[in-house]
Amino acid sequence: MAFDRVKPPPEAGKGPSPEATYSREFGSTYVPPDEVQGYVTLNDQEQLALAAWADRLIPAEAPWPSASEVGAPMYADNCAARSPLLRAMLLRALSVVRAEAWDRRRADFGDCAGSEQDELLTELESSAHAVLFELVLELVFEGYYRAGQVLEVVERQTGFRIRGPLEGTALEPFEESLLERVRTLPPAYIQVP
Amino acid sequence: VTNEPEADVLVIGAGAAGAALTWRLSTAGARVLCLEQGDWVDDAAIPKGHLDWEVRGRHYWNPAPSIRGREVDYDVTNLGPNPVDPFMYCAVGGSTVGFGAQYWRLQPSDFRTHTLDGFGVDWPITLDDLMPYYDLNEREVGVSGLAGDPTGPPREAPPLPPNAMGAIGRRWAEGFERLGWYWWPQDSAIVSRDYRGRPACTNRSQCAFGCPQHSLSSADVTYWPQALKAGAELHTRARVRRITLSADGRASGAEYYDRDGRLHTVAARRVVLCAGGIGTPRLLLMSACAGHADGLANSSGQVGRNLMVHAQSIVAGRFEASTESYAGTVGAMSSRQFYETDPANDFVRGFIVAGNRGYSPLLTALQVHTWGKEHHALLEHHLDHDATVYVCGDDEPEEHNRVELDPDRLDAFGLPGVTTTYEQSQNSRRLTEAAIGRATELCMAAGADSVRDFGVAPGFGWHLMGTARMGSDPATAVVDADHEAHDVPGLFVVDGSSMPTGGAVNPANTIQALALRAADRIWQGRRD
C-alpha cells in the first residue's frame, strides 16, 4: 500500500505531548506549489540555518540538486506556518541547533563546517529533541520530492516514470499459460459442513 | 429542529456496505435514505491528478482521520501495546475511495474456525449463503480476475480478465513456480476493460492516492450512481448523533446534525448502521439511553469489543532490474498456499502471500530514512527496484481489543471521538513471523538480492472488523445472522464490524456481499 511506514505513529499512550504527535497537524498544512512565494515564519538568520540543515539532509551531488537549491527549506517554512504547533516546533528546532552550535563553536549553525553540522544533527536525532529533527526531515523531504527539478532527476537516475501515475503506462497483460502447473494441482481448501 | 419524511430504511454511512445495501434495497422498491457524515470526493482534489500527489496524500488525503483532521472527521486515538493506525475516510464511498481493491472471497473454513481450530467463534452463516452475493457484487463492481483457482471453491468467473501483469507480476509468478506453491492472479476491483461507463485501468499505480479516471471501483462510482438513479436519497455532511427508539423499543430513526450544525430527526421503519468497524460501535455507544445504559444493542457487552485488524506485514524485496513501481494495480499475484491450519505450525489458521508492486519516491526516501551523503545513492538503489509482498493472516477476536468513546476529543459539533486499544495475540505474532518468512522466501525465489520487513506488528489499520459481531447467541453477539440487533428490533449492523472473524484476506468483497445479502433479508423480512 501507498502509506506503509516502518513504525507506527507515536500514540502508544493517551496524552503524549502534542509535539510527539505533530503529524496530527498535517491535514491542515498542505501548501499548493504555486503558493510558496517566500519565507513566512523565519527571519534571515533562521533561513540560513534551515538552508544549511536541509543541505546536510539532502546535499547536492550531481545530477542531484541540494534541498535548498529546489526550495525545500522555504516549503518547510510555509508548511509549518499553517499550524501553530509546527511553527513553534520549527522555530524551536532551529533555536536548539543554533544554540548548540554557538556553545561549541561560537558560530551560527550555518557557519559551522559540514562535518560539525553533521555531528550536531546526528546528536539531535537521538536526543530528547529527536521529534524536532524528525519534523524538519519530513518537511524537507516533502519539499524536495515534490520539486519538478528533482522529479526529473528521479526519473533519469532511477527509471521511476514520474508521469506514470498521472498518465498511465502500458503493461504486459497476464499470461494464462503461466498457470499450467497450478491448474494440475488438486483442490486445496477445506470443505466444512 | 426539522422533521424528515419517513423512509422504509435509514442507512447510516455511504461507504462500501452502505452503498451496496442502499442500491439493493432501492432497486427492490424500498424508500431508502442514507446519511453520510462526509461529502462526495471532489475529482480535482484526488491527489493522483497532480504531480505532487505524494505530498497531498500525506496531508489532506491522509487515511488516518486524526491526521487528516477535516471538519467531517472525528478523532481516533490509538492505544495499547500495539496501537493500530486506522485507514478510514468519511466520504461517499467511504474508505474505498483510496483502497487497494484486492478483492477476495472468504474460504469455507473461515466460517467455522471455532469448530475446526478452537479459534474465535463460528459464523451463524456459511460461505454458501454468501456465494450468490459475491457473484452479484463482483458483477456490479466490475471485478477483474480469473476463475479456476484450486485453492478456492468453484465460482462464477469474474466479469473482467485479470489486470495487467507487468514485469514484477511475471517475476512473482516465476518465484511462486520455483517454490512450487499454489498461486493465482490477484482479483481486483479495478476494471481491466471499459465497464459500465468507466474506462479500463491504464496502470497509473498507487491506487491509495485515488483514481481520477474512476477505474478503481470505489463505491462512489459503482453503487451510488445506480442507487440514486433507483430513487435512493443521500444526504451528505449529515452527522448522526444518536439512533432513536420508539416506545416499544424498536429502532425508529436517528437524530443528526447537518453541515451547519442544525439538528434534524428522521423517522424510518428500519435503521441500518454501515459506519465501519470504528464508526458503528461509536454510534451504538453514543446512543446509550434508558434501558440501554451501556450503549444501544449492548446487553452482550460486545459492542466495541473484539476489534480485529488482521495479522499483517510487508516484506520489501530489492531487485537489480526495474520493478516498474510507477505502474500497475496494487495487487499482482497471490497465494493461499498457507491459508489453512497446519498442525506442524505453532499457531492456528493461516495467511495469504500477495506479490504486489513497489513504492514511490518520497515514500522510499522516508522509509529508507537516510540523510546525508548516502541519501541519493540509497534512493537510487531502492526506488523502482523494490517490490513488496503483503502478508495478511487471521487475527483472533479478543474482547480486550476494543473501540471506546473518547469524551476528551470532540468533533466539530461536540460529539465524542474514539480510542482504539489493541494488543496483538501470541497466535497472531507467531503467524506473522511465519508469514514474513514465507514472503522472504518468495522475494528470494523471485530474484531479490535483499529484503527488509515491517515487523510483526506494524499497526496497519486497513481492515477494521468485529466490533459489533454477528452470532446466534445474544449473550456473545450483537446482531443475528440477518444482521438485526438481538436487543433492538429494526436495528441492523452491516459492515466490517458485523464480521465474527476476519479470515485472512482483504475484507471489502465480503463486506459488500454481506450488505447485499442483508438487504435481501431486510426487505424479504418486512412485515409492514
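Modeller: The interface comes before the local details here. This is a predicted model, in which local features need pLDDT of at least 70 and side-chain atom pairs count only at pLDDT 80 or more, while totals for chains, interfaces and linings use all residues. Residues are numbered from 1 along each chain as its sequence is written, chains are lettered from A and ligands numbered from 1 in the order in which they are written, and side-chain values use heavy atoms, with hydrogens and water left out.

Chain A brings 78 residues to the contact and chain B brings 103 residues, contact meaning heavy atoms within 4.5 Å. The size of an interface is often given as the accessible area lost when the parts come together. Between chain A and chain B the buried area is about 7700 Å², with 63% of it from carbon and sulfur atoms; this is the accessible area (1.4 Å probe) lost on putting the two parts together, summed over both.

The rule finds seven salt bridges across the interface of chain A and chain B, each a side-chain nitrogen of Lys or Arg within 4 Å of a carboxyl oxygen of Asp or Glu. A salt bridge joins the side chains of A:Arg146 and B:Asp52, at 3.6 Å from N to O. Helices H1 (44-57), H2 (72-80), H4 (114-125), H5 (130-144), H6 (148-158) and H7 (164-167) of chain A each give at least two residues to the side that touches chain B; helices (H or I, at least four residues) and strands (E, at least two) are DSSP runs numbered from the N terminus. H5(A) supplies the largest share of that side, seven residues. By class, the side of chain A that touches chain B has 44 nonpolar, 13 polar and 21 charged residues, where Ala, Val, Leu, Ile, Met, Phe, Trp, Tyr, Cys and Pro count as nonpolar, Asp, Glu, Lys and Arg as charged, and the others, Gly among them, as polar.

Next come the details within chain B. B:Thr388 lies in strand S14 (residues 386-393). B:Thr388 is buried, at a relative accessible area of 3%; buried means under 20%, exposed over 50% and partly exposed in between (1.4 Å probe, protein chains only). Its side chain reaches the backbone oxygen of B:Arg357 at 2.9 Å. Beyond four places in sequence, the contacts of B:Thr388 include B:Trp172, B:Ile314 and B:Tyr359.

B:Val303 sits in the loop between helix H8 (276-286) and strand S11 (311-318) of chain B, and B:Val303 is buried too, at 5%.

How values were computed:
A polar contact is a pair of N or O atoms within 3.5 Å; within protein, one must be able to donate a hydrogen and the other to accept it, and residues adjacent in sequence count only if both atoms are side-chain atoms.
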